[in-house]
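The following exercises are to be worked with the sequence and the coordinates at hand. Each task is followed by a solution in steps.

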Amino acid sequence: HCNILSTIKMTQIVLPQMVARKKGVIINMSSVTGRRPFPMSIMYSATKTFSDYFSQALDIEYHPRGIIVQSVLPMFVNTSMTSSYSKWCMSAPETFSHKALNTVGIASRTSGCLSHSFQYLVIKEFFPSWLHLTSLGTRFVIFVFKLLLRK
């Protein structure tokens, strides 16, 4: 899958040069769907989980060599992939990128900005994993996506 292969290949290209310089930054884009299984989005969720775990392992291995590896796990950002969704809870790409870059060197895993961290906190606290993975939880996810798809 492209989310996995591109992450591995780009890392293979840039990492040796960073190791030689003893410094560098790798930022991998994961997703909130990479934090736990997401019904209705299985392949995307699984590949984003890979990106997050890959980033965490790289950071542990290469941080002592002066290389920062960060996993960004945003909620919704207004892109072509989310163009059919309602914009009420989305960040503009430029705004999100600027805020996410401010977290480099501070956190190895980040939602990218405060509003996305808050949104994830609400989901995590009010929609726990044990409920999320039940048939009721799946119906709720479908209901929420239908609400988000409304413009």
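Predicted model: local features only at pLDDT ≥ 70, side-chain atom pairs only at ≥ 80, totals over all residues.

**Exercise 1. State the order of helices and strands in the protein chain, and the share of buried residues.**

Solution. Step 1: the protein chain contains six helices and three strands. Step 2: along the sequence they follow the pattern α-β-α-β-α-β-α-α-α. Step 3: 39% of the 151 residues of the protein chain count as buried.

Step 4, contacts (heavy atoms within 4.5 Å): of those in the protein chain with a separation of 6 or more, 64% are accounted for by residues 24 or more positions apart.

**Exercise 2. Compare the span of α2 with the expected span, and list what its buried residues pack against.**

Solution. Step 1: α2 has 21 residues and reaches 30 Å from its first C-alpha to its last. The expected span of a helix is 1.5 Å times one less than its number of residues. The span of α2 is close to the 30 Å expected.

Step 1: the buried residues of α2 are S45, T47, K48, S51, D52, S55, L58, D59 and Y62. They pack against α1 (2-21), β1, β2 (67-72) and β3 (109-110).

Step 3, one of these residues: L58 has 8% relative accessibility, so it counts as buried. Not counting residues up to four places away in sequence, L58 touches T11, L15, H63 and V69.

M43 and N3 are 40 residues apart in sequence and 9.9 Å apart in space, C-alpha to C-alpha.

**Exercise 3. Find the salt bridges, and examine R36.**

Solution. Step 1: a salt bridge is a side-chain nitrogen of Lys or Arg within 4 Å of a carboxyl oxygen of Asp or Glu. The count is one salt bridge.

Step 1: R109 pairs with D52, their closest N and O atoms being 2.7 Å apart. The pair links distant parts of the chain, with R109 in strand β3 and D52 in helix α2, 57 residues apart. R109 is partly exposed at 35% relative accessible area, whereas D52 is buried at 0%.

Step 2: R36, in the loop between β1 (24-29) and α2 (42-62), is buried yet has no salt bridge. For charge, Lys and Arg count as positive and Asp and Glu as negative; His and the chain ends are not counted. The nearest side chain of opposite charge to R36 is E125, 9.3 Å away.

Step 3: leaving aside neighbours within four places in sequence, R36 is in contact with S45, I123, K124, F127, P128, S129 and H132.

**Exercise 4. Count the aromatic pairs and classify the geometry.**

Solution. Step 1: rings of Phe, Tyr and Trp (its six-membered ring) pair if their centres lie within 6.5 Å; planes under 30 degrees apart count as stacked, over 60 as edge-to-face and the rest as tilted. This gives one aromatic pair.

Step 1: the ring centres of F50 and F54 are 5.3 Å apart and the planes are at 20 degrees, so the pair is stacked.

Step 2: both residues, F50 and F54, lie in helix α2, four residues apart, about one turn of the helix. F50 is partly exposed, with a relative accessible area of 24%.

Key:
Residues numbered from 1 in each chain as written. Heavy atoms only, no water. Helix = DSSP H or I, 4+ residues; strand = E, 2+ residues; numbered from the N terminus. Buried < 20%, exposed > 50% of the residue type's maximum accessible area, 1.4 Å probe, protein only.
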